[in-house]
Amino acid sequence: MIEQINAEQAAAIRSAAEKGDAKAQERLGDLCRFGEGVKRDQDEAEKWYKKASDQGNWDALAKLARLYELSRKEVKPSARAVEGLYQKAAEHGSLPGMERLADMYLKGRGVNGTRADAITWYRKAADAGSMHGMFWLGLMYENGIEVEQDYAEAAKWLAAAAEHGQDAAMSDLAVYYEEGKGVTQDYAKAAELYRTCADKGNAKSACRLGSLYERGLGVQQDYAEAMKWYRKAADADCSEAVCRIGDMYLKGLGIPADPAVAARLYAKAAEHGNWEAEIKAADLMSDEKSPAHDKEKALELYMAAAAHANVYAEYRIGCLLEKEDGLEKQMEGFNWIQMAAKNGYKDAQQKLLVLGFSA
């Protein structure tokens, strides 16, 4: 995105663009595309990007290609044509051109290039100072995409991107320092990076900073501070943070233990797809001694987890059903235990052996 400008500034840019200033034409295209200081108008954006690119403004050509790529019009340039525009811009040194061409190749949308070509263009962009290129080059080394997996090389590029202001790279780099992946483990450095990202609204970093405070790693252990960061992340819809707050209520860390509150928090996190929370909620609700006991709800949660091939959930369903009255329910429970055993869950295999059945 571009910086916010007012109508007066927009008028000055338009005046320069109408006088033939290629850079002003590119800027006016940006304003029209995003509706900054002027009415949002994609056709006007296209017109000004074309005028700028006709004068050899290669960044404007890359932006024109991006406009076409994202267009929802029924009639628009083909993917091959868009690729050609990106390639022309990239070959003339445009960073946006290099970045978008690499993105196309990485996603398999290009006609004339492959993922290996994505590496080439990300590297060229990175070498020219593109934090986008640095970040994606780091991710490709991290995941071993078209290169040998190399965490040290990934960390190098993520650090470079972070130094250029790429927040996502900084957040990922913090994980590297926390886990000692590709760098010497340094919890204090991880906390520093997490804090910087969390202060900018990164929920994942806020949650992980909370975890460092909870465990006293790289910072003085402080449950109140941990809760503060978990809540900040949870307010930004981080289900992992909601789960961690549930852990603190369950264990009574800095607050009175309250399994019922923990169960509700786990269930809330589970509603957002957090399978760890789903299992924790089910475990609490299946415990007859817990104030959160709710066998039917526990079965419902275990069933949801089992639908995602969670073998522990399969086993727990079996254990609950085998205690039910009636042979039919008990046999259903036995079938679930057998399923968990076949899927490699050792407790299920041991239970079958105790019952005299082959695992």
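Ala-198 is buried, because its relative accessible area is 1% (buried means under 20%, exposed over 50% and partly exposed in between, with a 1.4 Å probe and protein chains only). The residue sits in helix α11, residues 187-199; helices are DSSP runs of H or I with at least four residues, numbered from the N terminus. Beyond neighbours within four places in sequence, Ala-198 is in contact with Ser-205, Ala-206, Trp-229 and Lys-232, contact meaning heavy atoms within 4.5 Å. Ala-233 is 35 residues from Ala-198 in sequence, and their C-alpha atoms are 8.3 Å apart.

This is a predicted model, in which local features need pLDDT of at least 70 and side-chain atom pairs count only at pLDDT 80 or more, while totals for chains, interfaces and linings use all residues. Residues are numbered from 1 along each chain as its sequence is written, and side-chain values use heavy atoms, with hydrogens and water left out.

The largest nonpolar core has 109 residues, and Leu-173 and Tyr-302 have the most contacts inside it. Such a core is a set of buried Ala, Val, Leu, Ile, Met, Phe, Trp, Tyr and Cys residues joined through side-chain atoms within 4.5 Å. A second, separate core of nine residues includes Phe-334 and Ala-348.

The second largest pocket is lined by 15 residues, with Gln-42, Leu-67, Leu-70, Ser-71 and Arg-72 nearest its centre. A pocket is an open set of points on a 1 Å grid over the protein atoms alone, where a 1.4 Å probe fits, with protein on both sides within 12 Å along at least five of seven lines; lining residues have an atom within 4 Å of a point. Helix α4 (58-70) and helix α3 (42-54) each supply at least two lining residues, and α4 gives the largest share, four.
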